[in-house]
Amino acid sequence: MSLEEFDTGGWIERVAAALARLAHVQGEYLEEYWRHNPREHIVVDGRDEAPFPLEDVACLYADVRYSKVLGREAHYEPLRAVLDPVRHALLSHPVLERVAVVGRTVGENDFWMRILNSGMSISASVLIAGLMARAAELSGDRFRAATRELDAFLSPARDGESVGVLGPLDEGCDTLLFYGLTVTERIDFGDGTAILPCGEARRFVEEELLNELAPGGARFHGWRPVGAIVRPFRWRPVFRRRGSVNEPITEPPGAFFSEARTFLDLIAVSHAEPVLPLATISNCIDRSGGRLLGCGKHGPGFYQKWPADGLDGFAERPMLKPAALGEAREAFEARESAQFKRLAPIISRLAEALGRHGRFADEVRTVDVAIALERMYELPRRRKSLKLANRVSGFLGADAKDRQRVRETVRRFYDARSDIVHSGPQGASSFRNGAAFVTGFDLARKSLFKLLREGAPEDWDELEIADD
């Protein structure tokens, strides 16, 4: 039967009614299953907040499937009597009927489901468990609603209608997960990318990954200091009779991850705050959409990860600032310019300097800033301190008085740098080194963004004219 001839409404009614009967009968069997396989509970204010046990239900259905082999056919007969009608109704959908192995007895309906660049062999029972899990997230006529969503996934020919039914379930994204700034709302950019707060990013990223990568204290703050730069897309599952886990990748990640990392560095520098990458992850999908299809934990493609070792995460992290974000965006939009490419290593060094920690962090990052300033201002090998003071003051100073103030600030900073380089950590107090880093970084940040906006002077020596 073709999709055009298929009675969608009738199929939804049959599956939903059969699911309701199955849910009524399977309860006591699940309780028995949990007596032998204890379930993890998450109790909040006296309520169990653990998600619907998709994997447990799928395992229970597998026990029914192989009950004859297990010698428990009679025990599972009442459950089989309500499970088989759901399976029969489900497989009458043209998409599944075409791929399921011919046969209507339990165990003869395996097929291949591919989601983006990963695939797996599943049975109708796995999709039934997914429908149960999705229905548990809904209210009202939940079995009918979940079945209608599954039909929308199965029927790409009706994409216009499917978008309204699925809502966000078919949303996916490539993701750069980061720690260090508190993002309170989604920020969409014109090129299709977006910044997501952690609450929305968790639609796509499992909490186990946050536990692995983010500082432990971030959980104490409800993961608010964690956010994501994402490239959203829409996806659909593909059903076939058979497939292979070695199938080639159809859509490589391209330049998104490297560009997102550059943007994150600019955000860190513009805020003068450490903003650390945690992972680049491709092919993340909406977790509810995955559960509807029986995937408790869809395996996204990891490309790189950087656990935030050494940070406890208990300190509150600052809010994302619109002005600083705008400054970073303006610079990022010029990333193809020759000036940006010249300054790209400096951007990276300044961002890394902010994230340094440990006993000698202030000394090391002060030297980082000094190197960045020397490269930005194209200093010669000799008389660096004087040259840097004159060039920075000439480039950033608004008038003679302001240029003198900047010149003195540069000299104090460079004196601290010289003591660190030539005398070692004992050459200056930690307080002086910390203060030197703050003042030096402020000069470097202002210089960087002005150079990206206006470009460098044709001749730096013209700025080396001392004020009277």
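Before the first stop, a word on axes: each one is a line fitted to C-alpha atoms, for helices over the stretch in contact, and angles run from 0 to 180 degrees between N-to-C directions. Keep in mind, too, that this is a predicted model.

**Stop 1: H1 and H2.** Select H1 and residues 54–65, which form helix H2; the two axes come within 10 Å and cross at roughly 95°. Angles of 65 to 115 degrees count as roughly perpendicular, so H1 is roughly perpendicular to H2. Now show side chains. On H1, the contact is made by Leu-22, Gln-26, Tyr-29, Leu-30, Tyr-33 and Trp-34. Facing them on H2 you'll find Asp-56, Val-57, Cys-59, Leu-60, Tyr-61 and Asp-63. Colour by class and you get nine nonpolar residues, one polar and two charged.

**Stop 2: H1 and H7.** The crossing of H1 past H7 is right-handed. Which residues of H7 make the contact? Pick out Phe-143, Arg-144, Thr-147, Arg-148, Leu-150, Asp-151 and Leu-154. H1 brings Thr-8, Trp-11, Ile-12, Glu-13, Val-15, Ala-16, Leu-19, Ala-20 and Ala-23. Sorted by class, the contact of H1 with H7 holds ten nonpolar, two polar and four charged residues.

**Stop 3: H4 and H6.** Next, select residues 73–90 for helix H4 and 124–137 for helix H6; here the axes cross at roughly 100° and come within 10 Å. H4 and H6 are therefore roughly perpendicular to each other. Leu-83, Val-86, Arg-87 and Leu-90 of H4 meet Ala-124, Leu-127, Ile-128 and Leu-131 of H6. How many polar residues does the contact of H4 with H6 have? None: seven are nonpolar and one is charged.

Stop 4: Helices H12 (256–271), H16 (361–376) and H19 (430–454) are the elements giving two or more residues to the lining. Highlight H19, which gives the most, with five residues. By class, the lining of this second largest pocket has eleven nonpolar, seven polar and six charged residues.

Methods
Residues numbered from 1 in each chain as written. Predicted model: local features only at pLDDT ≥ 70, side-chain atom pairs only at ≥ 80, totals over all residues. Heavy atoms only, no water. Left-handed = near helix turned anticlockwise from the far one by under 90°. Helix = DSSP H or I, 4+ residues; strand = E, 2+ residues; numbered from the N terminus. Contact = heavy atoms within 4.5 Å. Nonpolar A, V, L, I, M, F, W, Y, C, P; charged D, E, K, R; others polar. Parallel < 35°, antiparallel > 145°, perpendicular 65-115°, else oblique.
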